[in-house]
Amino acid sequence: MCLRVVLVEPEGEVNVGFVARVMKNFGFKNLILVNPKVSVEDALSYASHGDDVLKSALICKNIDEAIKGCSLVAATSSRVSVGEDLLRIPMTIKEFAKKVAQLKDANIAILFGRESVGLTREEIEKSHVLVTIPASKDYPSLNLSHAVAIVLYEIFSAKAETSQAGIVEQPKPKEMEALLKNVEQAVRALKMPAYRERKTEIVLKRVIGRAFISRHEAYVLSGFFRKVHLLLSRSEK
């Protein structure tokens, strides 16, 4: 598994340093900082033995650059929905970790938002699944470095408990992109009102993301949606 911890516009050098440290604790090394508001040098004193993780961190201008080449992108948020807001229907970190632990040769990015306001809706839309850490309703928002620590601990633990028999080969990034493109084209070929079209695309993308489909399943689904698109396009002629 290749896992990227992506911090979107982090605002505090203490948190950035602590994130590098906790990544070292659980054996993860791919740290990406998107348009950081602090300097790596200022954060180094808080990284302890994770200073090598921080020194090798990749700095990107935007999220698209940070998640390039990933077939699974997860966004994290304490703001979730019970169904009204389709974009914010989450899975818990334990559920996510168990699924991730079963993926073979997966390229995964996990997005963590700003300490002050988290991730925007536009940024969450770039993910396949939304992950949340269950916490008190009185104060569900966790400190950035604490959230990263919990997420990585759960993934680390799930990997240790997963048998090889349960490993699933995940679609390659280009295969997942092709599937989602075919989904989009099939939906748009239905000629629905714009708001229903967008809603349907979000639902299908989220369902596919939460299902953690195998490479073969992605191939079958991609072919199905491609045929739906072709049939609907021909019926218009």
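The model is a predicted one. Helix α1 packs with α7, their axes coming within 8 Å. Helix α8 packs with α10, with axes 8 Å apart. The count of cavities of 30 Å³ or more comes to one.

**Helices α1 and α7**

- Helix α1 spans residues 13–25, and helix α7 spans residues 144–161.
- Their axes cross at roughly 15 degrees. Angles under 35 degrees count as roughly parallel, so α1 is roughly parallel to α7.
- The crossing of α1 and α7 is right-handed.
- On the α1 side, the contact is made by Asn15, Phe18, Val19, Val22 and Met23. On the α7 side, Leu144, Ser145, Val148, Ala149 and Leu152 meet them.
- By class, this contact of α1 with α7 holds eight nonpolar and two polar residues, and no charged ones.

**Helices α8 and α10**

- Helix α8 covers residues 173–189, and α10 covers 215–235.
- The two pack at an angle of about 30 degrees. That angle makes α8 roughly parallel to α10.
- The crossing of α8 and α10 is left-handed.
- From α8, the residues in contact are Glu175, Ala178, Leu179, Asn182, Val183, Gln185, Ala186 and Ala189.
- From α10, they are Arg215, Ala218, Leu221, Ser222, Phe225, Arg226, Val228, His229 and Leu232.
- The contact of α8 with α10 has ten nonpolar, four polar and three charged residues.

**The cavity**

- Rolling a probe the size of a water molecule over the atoms shows where empty space is left.
- The largest cavity has a volume of about 50 Å³.
- Its lining is made up of Ser71, Leu72, His128, Gln170, Met176, Ile208, Gly209, Phe212 and Ile213.
- Five of these lining residues are nonpolar, four are polar and none is charged.

**Positive phi angles**

- Most residues other than glycine have a negative phi.
- Glu9 is not a glycine, yet its phi is positive, at about 45 degrees. Glu9 sits in the loop between β1 (2–8) and α1.
- Phe212 is not a glycine either, and its phi is positive, at about 50 degrees. Phe212 lies in the loop between α9 (194–211) and α10.

Terms used: Residues numbered from 1 in each chain as written. Predicted model: local features only at pLDDT ≥ 70, side-chain atom pairs only at ≥ 80, totals over all residues. Heavy atoms only, no water. Axes fitted to C-alpha atoms, helices over the stretch in contact; angles between N-to-C directions. Helix = DSSP H or I, 4+ residues; strand = E, 2+ residues; numbered from the N terminus. Parallel < 35°, antiparallel > 145°, perpendicular 65-115°, else oblique. Left-handed = near helix turned anticlockwise from the far one by under 90°. Contact = heavy atoms within 4.5 Å. Nonpolar A, V, L, I, M, F, W, Y, C, P; charged D, E, K, R; others polar. 1 Å grid on protein atoms, 1.4 Å probe; cavity = no way out; pocket = protein on both sides within 12 Å on 5 of 7 lines; lining within 4 Å. Points joined across faces, edges and corners; volume = space filled by probe spheres on them.
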